[in-house]
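This briefing goes through selected features of the structure shown below, grouped by topic. Please read it alongside the sequence and the coordinates.

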Amino acid sequence: MATVASVSLLSEAEFGCEHLASQLMHDGPASNQFKTSFIKTHNALGRRDGSKTAPSSLLKPRYTCLTCSEPCMNGDRKVHTEKTGHQFYMESRSRALFCQGCEDMVYDHGLERCRSATPESTLQVAKKRRFSESSADELYVKSNANRRPCAKQGVRGLFNLGQTCYLNVILQTLLHDPILSTYFLGNGHQPHDCTVTDCIGCAVAEAFADFNSIDKSEGFAALNLLLASWRASPTLAGYQQQDAHEYYQFLVDKLHASAEGNRDNHEKGCSCFFHRTFYGKLRSSVTCDRCGNVTKTEDPIVDLSLDVQVQAKKRAMGGGSGSSATPTLGGCLESFTSPEKLMAGVYNCSGCGNTPQKATKQLRIKKLPAILCMQLKRFEHTFAVSEKVEGRIDFPLSINMLPYTTNPNTTVDKSRYTYDLSSAVVHKGKLEAGHYYVYCRQGDEWMLFNDDQVTTVTEAEVLGVDAYLLFYNLRCLANAVS
Amino acid sequence: MDASNGTDGQSAYPPGTVAKLTCDILNDTFYNIIHDIVAKVHRDEKVARMRSAVVVARQKAEEEATRRREEAGTKPAGPVKTGEQESEEFKDIRVETDGAIFEDGKVYLKGNPLQTTKEIICPDCRLPRLLYPVTGLGARPPPDPYREYCQRQPMISKPGHDVHGNPFATDKLNPKKKKQTNTSNTPASSPPTTPDSSFKQAAPEKISFPTVKCPNCPRYFVVTRVAQHLDRCLGLSGRQVNRNKTPQNDGSGTPASAPPKRPLDDDTPSVLPKKKKLSAPKKLSGKKPPPPSKLKNGITPDMAEIKTEANGDA
């Protein structure tokens, strides 16, 4: 789960338990060997191919001995320890360390850090200094930086300034994003040095600072962001309702423009922070039905716009048992990335001498952003009518995006493509007028942000809503695919 | 949460009855679900206790360091200490608490923190945490009312109130209307009478929306109306009205048409929210609001209010 947990070295014990301390206390071959076997077992349990392990006891959690990698069941562990003297096991489901000396799970800060790395580089990463490792650094930071106040971290509403709920839901989503919090609270955008007038970056930075630093629980007003948005975009300007999705695109675009070292031309590959955070790439490949010539184009994307109507229609046409099932997000992604026949005359094949040919078009995700926004296209605009598609679309708390990428069959660690739901925006009302509110995850809890009214909700409630926008966060940034 | 690997082992089961197999799989799956939940709770709790044990030990060590410094008679270091200085001070300090040992700037656990440490201490402010909300659903009174607790408390779940236990903000309206608008303002809440009775001492019964200064002009507005004002203040609605009514003026209309609107706004100076209240409907009824159709269709709570207010006062 990606959250800004206030991990503070000063409050972490040196070792998970006394027994672990005696094992790891002295740097040497014994301690290194232990770490290596920890990581190895950890990765082996993560793979779940199941072919190598004994299939007899697959369902219940096993405890793999870290010394001789023998899997034990819950009851056999004690016997194994008495026989061999091996004290440490790894539990197969959560991959937590079990110490037979304590007869309890132990959670060692140092070892847990070794977990989140790609299998190949784990051993190197374990040695590399990725974070500030010494508590001296932290003492320095502590005495020279502002601390977030304890009170209800990050749970504040945003006042509706009058038809600004479209802005509130998007800003609230961004405010709860750990990556963006780190960026803005870490002075990623410096409003004092920024010379751009009506800079969106400054306005968002100010909102982040306001949201996090002041020890107040009531809502606040994102007035400057509203002003900057109105000044920056004539279409958004004015006292009227807007589409939250359009506003998100606008905001991402403007944030990208405000970042240092950004390039306007997305094709050349921009390495700025916002580009890496928000922008993915979509590959569209068109295959000519006659000669098999494939034309590929890649476009930068900030979100996936998923057609829900097609889903609904398919269900309806399928009839029988299929029609009663709720459409799912997975189904939407499926149809988004499945091949689609192009009508004759739309595509001119260069392989067939630029003559119009029938062709098959397929969209695939080439690159996934760290913050993945998915829009469920509930607002349908055809020539004749504009209507809103109501109804529930099931979405999961976490989703594996690997099947929708350009190489869905690679055997990489699934966790590199695992995304966790971070926010769900709901639109209530009709097409031309309505109200937005948003469910955001704050740590392990879910909150409903209805402008300035903040209430707790259960996970089940969140999963039951008719979402319009879904925001997913990459679970583990260390594994991010570059 | 990990996906259940329930289907993997099916073929390896001895060829018994399907019922036996199904039963086994179901049992194990339920076992795993419960196992995962317990494991998560265990982890959260144990890590919290571990940290508490460490914080307590560290605090004790710091007190010890201060005491030694005073004994040695050295002048206290300035408020801004660098990390090196501080770690230097802890060099030869060794203190022991129930749950941990502090030695050379490092803290080692002693025994199982689930047994040794009873309280959860906030690592940031070093005050004990409350484990239950103080009001609302599942509330319990704080264990020691005279003690100071960490401000980070469990989220409060109470109808008509937010997670901090504050009642939802409402618009300042005539007392007669208060009840009616309160319910319309908070659609998911219970009638305002229930929270009032139990929430007397903690907070004011009603919180009204604050006022904010317009970023473009020096006047103050109730926060829910400021976008409407800003629209006018920036001359945006003026342009829109122009565009809708007289398309030929479109290009040059923006700056030219804005000033004439300003005096209209200024003759109803609304610095105080009280006056603002009176002036808002006047403006609405006197001068057509920019997108009339949208306003009529509006269903956001504040928009509904504008309508009721306009109807009531006009």
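Which residue in S3(B) does Phe102(B) stand opposite? In this predicted model, the residue opposite Phe102(B) is Val107(B). The points below begin with the sheet of chain B and then turn to chain A.

**The sheet of chain B**
- Chain B has an open sheet of 3 strands, in the order S1-S2-S3, with antiparallel pairing.
- Strand S1 (94-96) and strand S3 (106-109) of chain B stand at the edges with a single partner strand each, so one side of each has no neighbour in the sheet.
- From one strand to the next, the twist averages 15°.
- Strand S2 (residues 100-103) of chain B runs antiparallel to S3(B), to which 4 bridges join it.
- Helix H1 (residues 18-72) of chain B packs on this sheet and touches S1, S2 and S3 of chain B, while the direction of H1 makes about 40° with that of S2(B).

**Chain A overall**
- Chain A comprises 16 helices and 19 strands, and 38% of its 482 residues count as buried.
- Of the contacts in chain A between residues at least 6 apart in sequence, 63% join residues at least 24 apart.

**Helices of chain A**
- Helix H9 (residues 200-213) and helix H11 (residues 244-258) of chain A pack at an angle of about 105° with their axes 8 Å apart, and are therefore roughly perpendicular to each other.
- In this packing, Ile200(A), Gly201(A) and Val204(A) of H9(A) meet Leu251(A), Lys254(A), Leu255(A) and Ser258(A) of H11(A), a set that divides into 4 nonpolar, 2 polar and 1 charged.
- Helix H10 (residues 223-232) of chain A is largely enclosed by the rest of the structure, because 8 of its 10 residues are buried, including Leu223(A), Trp230(A) and Ala232(A).

Notes: Residues are numbered from 1 along each chain as its sequence is written. Chains are lettered from A and ligands numbered from 1 in the order in which they are written. This is a predicted model: local features need pLDDT of at least 70, side-chain atom pairs count only at pLDDT 80 or more; totals for chains, interfaces and linings use all residues. Helices (H or I, at least four residues) and strands (E, at least two) are DSSP runs, numbered from the N terminus. A residue is buried if 20 or more other C-beta atoms lie within 10 Å of its own, exposed if 12 or fewer, and partly exposed in between; C-beta atoms are placed from the backbone. Two residues are in contact if their C-beta atoms, placed from the backbone, lie within 7 Å. Axes are lines fitted to C-alpha atoms, for helices over the stretch in contact, and angles run from 0 to 180 degrees between N-to-C directions. Angles under 35 degrees count as roughly parallel, over 145 as roughly antiparallel, 65 to 115 as roughly perpendicular and the rest as oblique. Ala, Val, Leu, Ile, Met, Phe, Trp, Tyr, Cys and Pro count as nonpolar, Asp, Glu, Lys and Arg as charged, and the others, Gly among them, as polar. Two strands pair if DSSP finds at least two bridges between them.
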